[in-house]
Amino acid sequence: MRTASLFGRSICCHCCWTTLSTRTSTIALNLRPILILPRSASAPPAAIVPRKSVHVLHQTRRFKTRRRRRSDAAARIIMTTAAAAANSENGASACDVISTTNPLPAMPPVARRCDSSFILAGSLASLTESDLSAHGIDPTVPRQPGPENDDSESSEESSSSNNSNSSNSLLLLDPPRRLPNPYGWMRSDDRSSREVLDHLRAENDYTAAIMGDATTSGGLRDVLYDELVDGLQETDYTTPSRDGRWWYYRRTYEGKSYGVHCRAPVVDADVADDADADDDACATATTNTPGRDGTTVHPIIAWDHTTDGAAKTPILPDERIYLDENALADGRDYCATGSVVESPSQDLLAYTVDFSGDEIYELRVRDISAGGSGGSCSGSGTASPSGTGNDIDDDDKEVPSNDHRIEGLEVDGTVVWGSDDTTLYYLRLDAQHRPYQVWRHVIGTDPKEDDVMIFEELDDTYWVSIAKSSDRRYLFVDCSSAETSEVHYLDLTSRTMDGGAATEGTCTETSCELQCVAKRRKRVLYEVEHRNGRWLISTNYSNEMGEDGNNKPTANFRLMSCEARPDSEDGWVDMKDENEEIMFTGDEERALDHVQPFRRHAVAVGREGGIPRVWILRFGGAEGKEEDAQTLDVVNFTRLDFPEEAYDVGLGPNYEYTSTELVLSYDSLITPLESILIDMDDPDNVDARRVLKQKNVPGYDKSLYGCERTTVTARDGSTEIPVSLVYRKDVMEKHTASGRTVPVHLYGYGSYGSNVEADFSSTRLPLLKRGMVYVLAHVRGGGEMGRQWYEEPNGAKFLCKKNTFNDFVDVARWLVEDRKLTSPAQLSCEGRSAGGLLIGASVDQAPGLFGVAILGVPFVDVVPTMIDASIPYVQYVQWSDTPLLIANDTLILPYFFYFFNHLQYLFRVTLMVNHQDPIIKRALLH
């Protein structure tokens, strides 16, 4: 989260990087959405739409488990859509409303064509350094030859620190071919092109002219902005989550751009006589474990945000601030934290912070013990600003004292503690910002001289991540592409492999080497957790082989287990419930995302019926005895159900491995976010569920709003597309009674297997209050119906991608022609990033169906990106390698084309650039 510009003001929102270009990867900017408005017949061609950078598309690598949380761009495009809503009764379109007082300028900015510009398509292997330089390509930057190697035998050579690039060049054009790229001049990698910057200024001026009075002081923009702010409770806190002897939570304050990390000691009468409590003067009434029955007495919080002095009132007694992000950001143009994790003793804090916006982080360590954090054990209020902990091991005067940073290196934002307070693990980045190396650092040593690399992945189609197992015994190193994965592990307990205590000569954390859970196999994805000497494995592995001799993956993930040992793939078996039925078979009906184990339970998260689901697994013997709970015999397998028709549910922070209680995060289209406590021993007991906290939305009355879930039959006649609607009840009742159409805003994404959930958003409320119906189209390409909703042959990957566009248009037609809810003049649509591609292609397919289209940081030039050999990293496994293949000496183009060439003659395009972004500021000033 960071502060971004919203219509010239600051508001906290999710940001997305983009590059300015219509054809290639170029200048990195932070753009507001593009508003596409109907153009008159006499208007000239519109300006160029920018595209999203390739780098952003790779930020999240676990496509199989990713749940997309939208940053509701309704907050940014609200003035256009609300204008359409407010004037819907007289049939005026949004463009008509905006241009009533000020005529549209006659000439929008037009990007020039450069017919001498070209893309180099094909293999660069045969070109010399001088040839590359002649083409404007840096010969020192590594290039991705092509998609993953189909030769599975190479996998063993590509999964250790001695591996080599296993990508193969396939049948690429060799030598490469020059293809026209008339807008390639807009590529400016150093962000210094005066012509490009002047074009951005002209776009902003054109947008301001089109908006006219709506953007003046006191106009519609200001009114809507004030409504957005009024719908936010800025002074708030997150649900406290227990970890050992502390409750951890975050606080936000009105007028502050960043959050504050807090903790308070656990007070538990059940263990107040713990012999270890006297070891810490501040732990007199605390404990390192939950109560003896595995439950935790969650505190009743009486804090009231409406009272005077609420910001200074502690949420829990003896509250301590251990990291204030506002203090970190003070005096800086940009600040974003990555990992913020306490050490095993909870006396130290490791955190990463980015001050430049380039996603290269510093690593810092802070003393948050009683002596380092300030504030007494018996304190009656929040710790003072000076009591926020002391950074250690550095002489840099810009930080409180010493800062343990990996200076001069490109460090990923992830950090993980080892088995004690002395060892840290972190990731380094290659030249293309890909995490590819895992390093171990011992506090107090020189990071440049003494740090040890324990893993390296040189195949640039694979990304590396690190995490601890839920029981904190193992460090997992996950190495994954979009279609293949491999997990390595390191035992952090300093024990022998049979579980006994370490003796002289046995390996310890710093002397043991990583071991592989299961070597990579083509198109086999898997994730690993650990419980009581067994691996819990979520995977798409099947016993069937495809025609190419590689694994034929299951439609969705299976849940399997085996003994916790290296090279365990030969022992994987399906986990069964109390009726000896396989719980997750990998079929299309039930999708598994991931599993979190506990001492006596495990929690599976996935999807069923297009809705996020949570299942509770309780372990035990035939009689359910406590000592039998350490087995993997499932004695109860329960799906949690909720009363609303459509919703979003997932796991909250659940740090305590020994707990028998589970905290869930739940919301729906009309229910603000809640934290719900579930008894895992009695999950079906709905009455026993307790709402720990519900997000307060000022002025919101749930009883005024309604929602529904339905399906729309796609044009193929067999596919049912899930659709979610939210509205004011009186608006829908009026429509039902009169048959009059209402304004509708249609949102979609449909890429990477990511989900658009039926969740709550306060930024929709100004639209709904003005009579607009907000619709989510859960089109193919996402993962709402399981992974098959994304994969070939019936999903929307590779040559099936057109299904995404067709589904979206089919939903829009259903809203207009079948449901008769709206009209084209009153129908707006929106998509961001790859969803921007969806909107562009949909508008190109059915331009008369939409009155307004919003493309947020859109990726709309897929073909040039795929075939441009000068781009170091291309996501072939997401968008297809087809553009690089040759058949009969002819370049095969896939499902995309320059739809914008058609779009610009149908619509007037405006582009808004965020001048508040620090990178843009620096570029414009120079």
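## Basis of the description

A residue is called buried when its relative accessible area is under 20%, exposed when that area is over 50%, and partly exposed in between (1.4 Å probe, protein chains only). Helices (H or I, at least four residues) and strands (E, at least two) are DSSP runs numbered from the N terminus.

The model is predicted, so local features need pLDDT of at least 70 and side-chain atom pairs count only at pLDDT 80 or more, while totals for chains, interfaces and linings use all residues. Residues are numbered from 1 along each chain as its sequence is written, and side-chain values use heavy atoms, with hydrogens and water left out.

From its first C-alpha to its last, helix 12 reaches 17 Å, close to the 16 Å expected at 1.5 Å a residue; the expected span is 1.5 Å times one less than the number of residues.

Helix 4 (residues 194–211) has 18 residues and reaches 26 Å between its first and last C-alpha, close to the expected 26 Å. Its buried residues are Val196, Leu197, His199, Leu200, Glu203, Asn204, Tyr206, Thr207, Ile210 and Met211. Glycine 212 follows helix 4 and has a positive phi, near 55 degrees.

## Nonpolar cores

A nonpolar core is a set of buried Ala, Val, Leu, Ile, Met, Phe, Trp, Tyr and Cys residues joined through side-chain atoms within 4.5 Å. The largest such core has 39 residues, of which Leu746, Val773, Phe808 and Leu815 touch the most other members. At least two residues of this core come from each of strand 38 (720–728), helix 9 (729–738), strand 39 (744–747), strand 40 (773–777), helix 11 (802–818), strand 41 (827–832), helix 12 (834–845) and strand 42 (852–856). Helix 11 gives the most, with 8 residues.

Leaving out residues up to four places away in sequence, valine 773 touches Leu725, Val726, Tyr727, Met732, Val742, Pro743, Val744, His745 and Leu821; a contact means heavy atoms within 4.5 Å. A second, separate core has 35 residues, including Tyr747, Leu765, Met772 and Tyr774.

Strands of a sheet pair through backbone hydrogen bonds, either parallel or antiparallel. Here two strands are taken to pair if DSSP finds at least two bridges between them. An open sheet of 4 strands has the order 21-22-23-24, with antiparallel pairing. Strand 21 (463–468) and strand 24 (515–518) are the edge strands, each pairing on one side only. From one strand to the next the twist averages 30 degrees, with axes fitted as lines to C-alpha atoms and angles running from 0 to 180 degrees between N-to-C directions.

Strand 23 (residues 485–491) and strand 24 are antiparallel and share 3 bridges. Histidine 488 has cysteine 516 of strand 24 as its bridge partner.

Strands 25 and 26 pair over 6 bridges, and glutamate 529 is partnered by leucine 536 of strand 26. Their hairpin has 2 residues between the strands, and asparagine 532 in it takes a positive phi near 50 degrees. Strand 26 is joined to strand 27 by 6 bridges; tryptophan 535 has cysteine 562 of strand 27 as its bridge partner. Strand 27 (residues 558–563) is joined to strand 28 by 2 bridges, with serine 561 partnered by valine 573.

## Cysteines and arginine 320

A disulfide is a pair of cysteine sulfur atoms within 2.5 Å, and by this rule the count is 0. Cysteine 479 is in no disulfide, and the nearest cysteine sulfur, that of cysteine 516, is 9.5 Å away. Cysteine 479 is buried at 0% relative accessibility; cysteine 114 is buried with a relative accessible area of 18%.

Arginine 320 lies in strand 12 (residues 320–324) and is buried, with a relative accessible area of 4%. Its C-alpha is 8.5 Å from that of histidine 261, which is 59 residues apart from arginine 320 along the chain.
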